[in-house]
Protein chains: 4
Amino acid sequence: MSSIFGKLFTVSTWGESHGKAIGAVVDGCPAGLLLSESDIQPFLDRRRPGQSHLTTQRKECDIVKILSGVFEGKTTGTPISLIVENNDQHSADYEQIKDWYRPGHADEAYDSKYGFRDYRGGGRSSARETIARVAAGSIARKFLNEKCGTEFTAQVNSVGADSCACAATIETAIESARKNGDSIGGIVNLTIKNPPKNLGEPIFDRTEALLAMAMLSIPATKGFEIDEGFNAAKMLGSEHNKISCGTYGGITSGADILCRIAFKPTPSISQVQKTKNKNGEIGEISIKGRHDPCVAIRAPVIVESMAALVLMDLFLHRGSSNGK
Amino acid sequence: MSSIFGKLFTVSTWGESHGKAIGAVVDGCPAGLLLSESDIQPFLDRRRPGQSHLTTQRKECDIVKILSGVFEGKTTGTPISLIVENNDQHSADYEQIKDWYRPGHADEAYDSKYGFRDYRGGGRSSARETIARVAAGSIARKFLNEKCGTEFTAQVNSVGADSCACAATIETAIESARKNGDSIGGIVNLTIKNPPKNLGEPIFDRTEALLAMAMLSIPATKGFEIDEGFNAAKMLGSEHNKISCGTYGGITSGADILCRIAFKPTPSISQVQKTKNKNGEIGEISIKGRHDPCVAIRAPVIVESMAALVLMDLFLHRGSSNGK
Amino acid sequence: MSSIFGKLFTVSTWGESHGKAIGAVVDGCPAGLLLSESDIQPFLDRRRPGQSHLTTQRKECDIVKILSGVFEGKTTGTPISLIVENNDQHSADYEQIKDWYRPGHADEAYDSKYGFRDYRGGGRSSARETIARVAAGSIARKFLNEKCGTEFTAQVNSVGADSCACAATIETAIESARKNGDSIGGIVNLTIKNPPKNLGEPIFDRTEALLAMAMLSIPATKGFEIDEGFNAAKMLGSEHNKISCGTYGGITSGADILCRIAFKPTPSISQVQKTKNKNGEIGEISIKGRHDPCVAIRAPVIVESMAALVLMDLFLHRGSSNGK
Amino acid sequence: MSSIFGKLFTVSTWGESHGKAIGAVVDGCPAGLLLSESDIQPFLDRRRPGQSHLTTQRKECDIVKILSGVFEGKTTGTPISLIVENNDQHSADYEQIKDWYRPGHADEAYDSKYGFRDYRGGGRSSARETIARVAAGSIARKFLNEKCGTEFTAQVNSVGADSCACAATIETAIESARKNGDSIGGIVNLTIKNPPKNLGEPIFDRTEALLAMAMLSIPATKGFEIDEGFNAAKMLGSEHNKISCGTYGGITSGADILCRIAFKPTPSISQVQKTKNKNGEIGEISIKGRHDPCVAIRAPVIVESMAALVLMDLFLHRGSSNGK
């Protein structure tokens, strides 16, 4: 079930970068939640590119429609089908890379695995796929917020080597990369306020394990930390025991949950790079198109959405622990 | 399915620290693999405590028995039931903590979630639970090694603040913590050599996402990195594209897979700590028992085992991508 | 995962009778299958009502569109999103039954379970939901037919009390029921020719167990038989052992698989019936709308589709039994 | 997940007829249920052979032990490991059939699928495998009985051609078959009294669909009916609508649930039969050993157990429908 996330709040995503549309089917949303497109659209707007000069200039409208599962303004307990049509597609941009693998991308991997790939904009491996996650995640957020007051807030923590990340430093680092036809990595911080208590199912469905999976399933991610993260490895027990962690034994304590997620630099850069093709021949490539110089910039709403999907799934699971 | 790991190579683990036994049922192992207890025991021996003065002095024999799924020395394709009896149990040690929650442990979380807990040695949240993972993982390792030459090697990379981790530094750091009735965190490095190519199922079952989940499901883990990890966030695209990563788009490239996992310090320390009980009363606790001053020391074989379970599951999945 | 069918060839269906559209997302279809709408449409046409006077006179176009997962005429291994828009909706017909539960329908059950329901045409419990199954099933059929020559053929075996079912008897029985403002049950026979050998996963995912589940998930079904079915209960071992069964121990033998499925009469009848409403008050109802007097008539293509989904899922699973 | 049943109350079974033991791991049982071996043993005793001259004379003790998941007499919410050791094994009896496939059995199917099989008593395909189902099912029964007063009662309805099944007719039919070195089929009726209301998850996890799967996963089953079953196909809507069904739209109504399950005759008979071996050579076989002349006789407790597993799983799921 490779494009399906969750066991009880199950999100089945579909759609390619340059196909007709992108969408998700959300199965398992409880009945009775007030829901309309206006609950979802603001999150898609946050994700959308073209809003600042720091992101790709692709103009995507990304208007969501609800096709099922809502009646008279409320969810009915049946699957919610969400669809976003693709509009601003410059497929021609990609003819050049039809035969040459873009370095650092999944092009070669898809060809090798499936014997075939949709080369237009990365197809399914495109970051546009995250539209479906954000749309589905927004339903989970609304539910958890109304039920438990839970809030998901993510933001860029740093970009490139600079660990202190004020807005100005970030902008400078990204502009500098862009001017050089280059891209740059970044770190996103996530805070979950008022998470429901007692979520997480030992042994394998620990809250942190599912959050880690969710975050590492976002394209371009390379690391995940919770609470003190790698810093915990440097601490003494007497110090660490004093920290109020978001989870113990994989179960949420009710305290805020703090995570950090590492994003690698966008592999699409306009600098000339060495590459190869299906036949193993060596060539050169300069990736035109319109690309984010720093994927971390648009990532926060995706990170929040994935976290919401994890907690929502565990929330629906919670009733089974004591059979009430 | 909280104690079940994997979709096709499915491991169902069970057992408490001070119960009668600990075990796992492995469902989905292909038929025809030569298998006996002697293939599994060496990995349990590596995990076993009491081997050096750096680990807990609990003497656990941890002898594995295969109860099903093997006939005439070969797996039959039916579930393999593995069992390890518990022997050296000092339940009395735990009477003292029956009513007081151990700081940094899951005691309070279990009580809150289940309304009840097995207080003997952490019950199910004990590190002894990992016996089942190592036993099951050893079958996956054998299969992948025979089929693809895959090798899983993990080792302690650092302990505490010291980033350069020669054996001497590690020993000094741990001894120092122990003498102070304290414990210390550490980082484990994992290398997967010769991983099968084309494993990983986009979108959500990416190899790195499943590895992250597997690692964060190990008790005391707080962070996960793959390839350059958090360092990737500091890099430029032109640099990062030159790295040979273990996965692209979640699919293994055939290159070695490198991961790092952060372990917090053992929460069980003999120093006097403040704590509370079920009624919210404040008290003091000094945890006696016999505990590892640094859980990272015994973690490598657990890390290797979980990685093997992930790759094995994806390996069985691979046939479905092109229907061959 | 209530609206999701299958583990490896996973079909996620959505849509209500009188919503905007109905659809399915097929996750796990192998790459490289030639596929276009014209491979799917003929099966939807067979399912469509209004074709003969024996079925409802609702005129549904039911035109399928493929929104993702196909590129240059071939499946890419990514999710295939299928959509059929709803057109001929007479929602007004249903205002009358907004408050009164239709006898024999799921109206009361949905209200009780979800505290709320989409009363237009049964909403999600409508037979229109089976459009998604037929669309998804047609992909499985094409794959299995090209790969193994498998053919799925179902037909009405009998209608009402008459066990010998020539076309004339069937027509007479249905016309008679309709004239009386009544409906009538029926039995559908399914033959799977050239099923792939060695499918089915003991213990619980036996071929016959999954077929039974698939068939009993079709609205209005009440019974399932395989091979000799209930007749086997009357036989001696010496007789029964001579039969060539489609499965042994849950595993396909390669011989044709024969099943029979019982359909109850359509609960929607125009005769005046006693009923009740949400408050438990008793009333009378005569269901107008346009309904099939015998659901079994349009069921064969649905039965074939569900069988194809079962075999397809098991087919993708087969590679894992011996690890090849 | 072939030997795993259920999504939230998950039963992982293992063990061969002539292996060391047979068992099950039950994951997802709510905490706080009073449970000891004495709650399980009576159901195993009912299943046990050798109690009357109508069943096999194999003397099996089948004593269950709980290895985990229970502390101070109550379930803790962690996996419950159940084990029954195998004792009375006459492996020698099976040497004769090592090379020849028993007609009507899964011998050839297992050899074909796995390339190899445990020929001792059918190995995993033996009816002894159902011990694990009965043991696990007894926990579900206890929970549902205490929580909702639910009762599961199955009994033999008929044996062979005789549709009216008084005890005397049954005995005569079976004795007659046995004397002729033959076996005979039978039908088992199941009644579920006081089932919890609102169970079942449309679309695919309908109560009747899961019951059908559960029943057809029992060895030797060939048919399943619910409510009026195949008889419903003969009825008019005006008649059928008056019946109080156990489920509507797949959701339990709270009314009793009635099912019928068809069992084929035991394929193991002592009459001389034609058979073949792995090389396709034709031979003759007379199956000695000690076999039930009518598997339906011992089936009721197995049928009840599987029904309990289905309802228990749906019961744990119910909390997610409205998010309460």
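The legends below describe close-up views of a predicted model. Local features are given at pLDDT of at least 70 and side-chain atom pairs only at pLDDT 80 or more, whereas totals for chains, interfaces and linings use all residues. Residues are numbered from 1 along each chain as its sequence is written, and chains are lettered from A and ligands numbered from 1 in the order in which they are written.

**View 1. The contact between chain C and chain A.** Chain C and chain A each bring 37 residues to the contact, where two residues touch if their C-beta atoms, placed from the backbone, lie within 7 Å. On the side of chain C that touches chain A, the elements giving two or more residues are β2 (10–15) and β3 (21–27) of chain C. Of these, β2(C) contributes the most, with five residues. Helices (H or I, at least four residues) and strands (E, at least two) are DSSP runs, numbered from the N terminus. By type, this side of chain C holds 11 nonpolar, 18 polar and eight charged residues. Nonpolar covers Ala, Val, Leu, Ile, Met, Phe, Trp, Tyr, Cys and Pro, charged covers Asp, Glu, Lys and Arg, and polar covers the others, Gly among them.

**View 2. Loop between β9 and α6 of chain B.** The loop between β9 (186–193) and α6 (207–216) of chain B contains B:I203. A cis peptide bond, with omega about 10°, links B:P202 to B:I203. B:N198 lies in the loop between β9 and α6 of chain B and, although not a glycine, has a positive phi of about 70°. B:N198 has 18 C-beta neighbours inside 10 Å and so counts as partly exposed. A residue is buried with 20 or more other C-beta atoms within 10 Å of its own, exposed with 12 or fewer, and partly exposed in between, C-beta atoms being placed from the backbone.

**View 3. Cis peptide bond in chain C.** The bond from C:P202 to C:I203 is cis, with omega near 10°. C:I203 sits in the loop between β9 (186–193) and α6 (207–216) of chain C.

**View 4. Positive phi at D:N194.** D:N194, a residue other than glycine, has a positive phi near 55°. D:N194 is in the loop between β9 (186–193) and α5 (207–216) of chain D. With 15 C-beta neighbours inside 10 Å, D:N194 is partly exposed.
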